[in-house]
Amino acid sequence: MRAITVPEPGGPEALVWAEVPDPVPAEGEVLVEVVAGAVNRADLLQRQGFYNPPPGASPYPGLECSGRIVALGPGVGAWQVGDEVCALLSGGGYAEKVAVPVGQLLPLPDGVDLITAAALPEVACTVWSNCFMVAHLRPGETLLVHGGSSGIGTMAIQLAKAVGARVAVTAGSAEKLDACRELGADILINYREQDFVDEIRKATAAQDGGAGAGADVILDIIGAKYLEQNIQALAVNGRLAIIGLQGGAKGELNLGALLVKRGTVTATSLRGRPPGEKAEIVAAVREHVWPLIGAGRIRPIVDRTIPMRDAAEAHRVLDASTHVGKILLTV
C-alpha cells in the first residue's frame, strides 16, 4: 500500500507519498481500506517531530478516517467485511489501509456520505468528551469556544446549541465569525480587535444582575497565552477545558483568582488515551451525537478535499488558518 511518511521532520515538504508494508489487524482489530482522512493540528506537530505516535500505533500521521472494512482480526464480533465505517485513530489515517481497534469504529451517521464521514470522529470525540463528559456543559449555560471556525469549533457550536446552551466564539475575521453565526453562535468576538474577557462579561451580564457572569465552560485550543484571561472570563463554578497549546505550554496560574471563581481547570488529549478510554468516548458519541447528525441538527463542516498524495498542500492550508471546518484527504 501507499502512505504519507515523514522520513525527516520538517515543513510540509517533509511529507512523502511512498510504498509501505500493509498493516495486519491484531486481536480485536479490523483492517480498513481508507477512502478519506482528515487533517488535524496534531498532524502538523508530528510532521515537525514534536508529537510522536503512542507506542504501538502506526507511524504515519492521521487521527481519523473513513472507509470500508476489508479484513477482520480475531475476536472482532459484529463487524463484517464490506461494512462502511469511520474511525478514531492513534495514527495511520494518511494511508490506503489502517488497522483499527473495534472500540474505535463508528458506523456512518444517517445522511452522511463515506468521504464526508472522515470529518467527524476526532472532532466529535474531542468535543463530546471535553465539553460534556469532563466539563458537564448543561442546558442554559454559556460555552466559550476559542477558534470557533475550526473543525473543533464548528462541532462545538452545533453540539452546544443542540443541548440548549448559549455559545460564544472567538475568531480572527468577520468571514469566520459569519460562519460561526450561521452555525448558531450567539456571541461573536473578533480576537484581533476585541478583548474576549470584556466581551463575554458584557454579553453575560444580565445573567447575574449586571456584574458579568462569564462563561460556564471554556473550550481552549490556545493554552498558556490565554490562561490568565480564561480564568478571568470564567463564571463562578466555571470549567476551563484546555485541549491545545497553540499559544504555548507554560503559563502562570493565579490560584487565588481560580479559588474565588470556584473554578476547575482540566487539560486532556485524546490520542494517548488507552483503548478502553477511547472506546468509552466513541460509544458515548455514537449514543449521543450520531442521532443528532442523523436528525440533521448537526452537520460535518468540510472546507475542502485534497488528494492524499498532496497532503503537503493540506498542511499549508491548515497552517495558514484560512479554512473553516475540516480539510479532508481523499485516496
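Let me start with W128: at 10% relative accessibility, this residue counts as buried. Keep in mind that this is a predicted model.

What does W128 pair with? The partner is F132. The two ring centres are 4.4 Å apart and the planes sit at 20°, so this pair is stacked; stacking requires planes under 30 degrees apart. Both residues belong to helix α2, residues 121–134. They are 4 residues apart there, so about one helical turn separates them. F132 is buried too, with a relative accessible area of 12%.

The structure has 2 aromatic pairs. The other one joins F196 and Y226. Stacked or tilted? This pair is tilted, with 50° between the planes and 4.9 Å from centre to centre. Now look at where the partners sit. F196 is in helix α5, residues 196–204. Y226 is in the loop between β11 (215–220) and α6 (227–233). The pair therefore ties together parts that are 30 residues apart in sequence. F196 is buried, at 2% relative accessible area. Y226 is buried as well, at 11%.

One more ring before we move on. R271 lies over the face of Y51, and the distance to the ring centre is 4.9 Å.

Next, helix α4, residues 174–183. Which of its residues are buried? They are K176, L177, A179, C180 and L183. They cover an arc of only 155° around the axis, which means they lie on the same side of α4. What covers them? The cover includes α3 (151–162), β9 (166–171) and β10 (187–190). Turn to the face pointing away from the buried side, and you find E175 and E182, both exposed. Just after α4 comes G184, with a positive phi of about 120°.

On to N40. Find it in the loop between β3 (29–38) and α1 (41–47). Buried or exposed? N40 is buried, with a relative accessible area of 11%. What does it touch? Leaving aside neighbours within four places in sequence, N40 is in contact with L63, E64, E122, L318 and K326. Take K326 from that list. N40 and K326 are 286 residues apart along the chain, yet their C-alpha atoms are separated by 8.2 Å.

K326 comes up again in the lining of the largest cavity. How many cavities of 30 Å³ or more are there? The count is 1. The largest cavity has a volume of about 50 Å³. Its lining is made of A119, L120, V123, G151, T154, M155, Q158, R299, P300, I301 and K326. Which element gives the most? That is α3, with 4 residues.

Last stop, the second largest pocket. It holds about 440 Å³ of space. Of the 27 residues in its lining, the closest to the centre are E29, G56, A57, S58 and A99. Two elements to pick out here are β6 (97–101) and α8 (275–288), which each supply at least two lining residues. The biggest contribution comes from β6, with 4 residues.

To recap the aromatic part: W128 and F132 are stacked, while F196 and Y226 are tilted. Over to you for discussion.

How values were computed: Residues numbered from 1 in each chain as written. Predicted model: local features only at pLDDT ≥ 70, side-chain atom pairs only at ≥ 80, totals over all residues. Heavy atoms only, no water. Buried < 20%, exposed > 50% of the residue type's maximum accessible area, 1.4 Å probe, protein only. Arc of directions from axis to C-beta. Contact = heavy atoms within 4.5 Å. Phe/Tyr/Trp six-rings, centres within 6.5 Å; stacked < 30°, edge-to-face > 60°. Lys NZ or Arg CZ within 6 Å of the ring centre and 35° of its normal. 1 Å grid on protein atoms, 1.4 Å probe; cavity = no way out; pocket = protein on both sides within 12 Å on 5 of 7 lines; lining within 4 Å. Points joined across faces, edges and corners; volume = space filled by probe spheres on them.
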